[in-house]
Amino acid sequence: MSIKTLTLMLLAAIFLISSTQPLMAAQGKDEKLFQEALNLYKTLQTNPTQITNYEIWDTIAQAFYSIYRTYPASPKAPTSLFISGKMYEEMGMRFNSRENLEKSIDLSRELINVFPNSNLADDAQIRIARIIEGWDKSQAYLEYEKVVKNYPTSDMVDAAKSKLNELASYKPAESQITESITEAKTKNNPDRLASINQIGHWSTDTYTRVVINVDRETPFEPHFLKAGMVEGAPPRLYVDIKGATVDRNLEMPPIQNGLLEDIRFARNTLDTVRVVLYIKSFSNYKVFSLHNPFRIVMDIYGSEKNNVASKPKGSEEDKTLAGLPKLDGKDISTLRGALGLKVRTVVIDPGHGGHDPGAIGPTGLKEKDVTLAIAKALKNKIEQVGGDFGISRVILTREDDRFIPLEERTGIAKREHADLFISIHCNAAKDSDAHGIETYILSFTNDPEALAVAARENVSTTKGISDLRDIIKKYLLNSKIDESKRLAAYVQTSVTTNLARKYQTAVDKGVKKAPFIVLIGADIPSILVETSFITNPREEEKLRDPKYINEIADGILRGVKSYSTEVETASVEK
Ligand SMILES: [Zn+2]
């Protein structure tokens, strides 16, 4: 079966699902869809070409999930959810993807929550324990314990008990001391210890990013504690920072609302600080470090379930599904686009600012000033005409000349529930002849030129760049690569054509990939535009000219328009 045929079958399946009133007249149709998905799954397992195709796996797993969501009362609902979770575990192993393993855990937890009496619940619990054992034996211990406690009659109990014996030394001990920020501040900081001097956080109802600044590089270890280990305790993510203490001048903005409830501190030994995040709900997390200055970034994703429950009936999401059957879906990527989000909110990120001027031109023009001018012009334009293609909000990560760390910029996009993220920059090169326009998406690359651009924008050493490989791997599956590529292609083409009509230097250097920190973790279509080379005397001169700025902004606007019109048409038009 070709991918196209498969896609059409799935579209047909989704058509059947979404055109039917859930729970009414459901008889037979859920069975039929389930059989169809099951046949696709079986074909996949026996077909050597398909079995290596990630997108086919993903689409079928989504189809199973969709059956459960559309027919929650169907006898096939628990099995559909179970198979979806099973498929993501298999994908995790096959494609070596932690992302998929985490998804499998989420789906297994959902099964346990929604169908606590299903005879698949204990199998789902065992699966959770088995997956987690691969990276956190202490947490795995707690998960195996649940099999024994919650499913005493399960045929899995013996297996779980023997695991508990095997993992006995990993049984977690609860730390008792947790302090508020005021109590944790250290009066006298011994010189040998690194100092935690700033903590930033950005939260929505389903996401939070916490960034801990430490004045020098220190080893750290993240851990996760599930809810209820102590009676009534919310889930906690904590990180032990070794050889560190809390600076007496530590700055931390007050925690308002969102997924994050509280940040507290604990000291287990004299030179280890434990920073504990209290979280409302939890589905998964990522922790990584960035350099210059050293900081530890913690991304936490809340449980989708809360999110879904809070959506009113007849919400935009439903309409998206209802609009689907009108599609003639060309390939999986289009199908994804159609299921994906429409563009409503755009976050524009003027690169650099404050003490970080970015690149500087031969006569002193600063990148930070150019990017802000372009961003403001672009914001104006989208505010004027964006309504015509569905965009109702435009937000700048900075409105004036101030410094904003790279990871905070993505945090702003998340906080604002942005649908698109556009970071604006000027290119730089040792060769003063270098000129033209490039648009980047997040990925790893071996292209030395692209790596040099990323290193400069990340204000990081090459070592930093190679560390990023692992971080980016974690994020790549979720980072909307296909959509980002399409957006990048539209913007690149329209900026270049727009400028080339009037300026000879406007050469199309194409869409490229590189590991940009500012694009990490924004799970929406995200691009970084290198609008021109500020180090080229001719381009620097143009970048001083408001007309040229205006043409760049106009080009980006056209690209955004093409992209959002496409998504809009795909998702709502009849
Ligand atoms: Zn830049």
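Start by selecting strand β15, residues 526-533: 8 of its 8 residues are buried, so the strand is largely enclosed by the rest of the structure. Keep in mind that this is a predicted model.

To find one point of pairing, pick Asn-427, whose bridge partner in β15 is Phe-533.

Select Glu-438 and look across to Glu-530, its bridge partner in β15. As a general point, strands of a sheet pair through backbone hydrogen bonds, in either a parallel or an antiparallel way.

Next, move to another part of the tour. Select the strands of an open sheet of 5, in the order β5-β1-β2-β9-β8, where the pairing is mixed. At its edges are β5 (244-251) and β8 (284-290), each of which pairs on one side only. Ignoring direction, neighbouring strands in this sheet are turned by 25° against each other on average.

Within this sheet, select β2 (residues 207-214) together with β9 (residues 295-301). These strands run antiparallel, with 7 bridges between them. Which residue of β9 is the bridge partner of Arg-209? It is Asp-299.

Finish with helix α14, residues 406-415. The helix lies across β1 (194-203), β2, β8 and β9. Relative to β1, α14 runs at about 25°.

Definitions and conventions
Residues numbered from 1 in each chain as written. Predicted model: local features only at pLDDT ≥ 70, side-chain atom pairs only at ≥ 80, totals over all residues. Pairing = 2+ DSSP bridges. Helix = DSSP H or I, 4+ residues; strand = E, 2+ residues; numbered from the N terminus. Axes fitted to C-alpha atoms, helices over the stretch in contact; angles between N-to-C directions. Contact = placed C-beta atoms within 7 Å. Buried ≥ 20, exposed ≤ 12 C-beta atoms within 10 Å, placed from the backbone.
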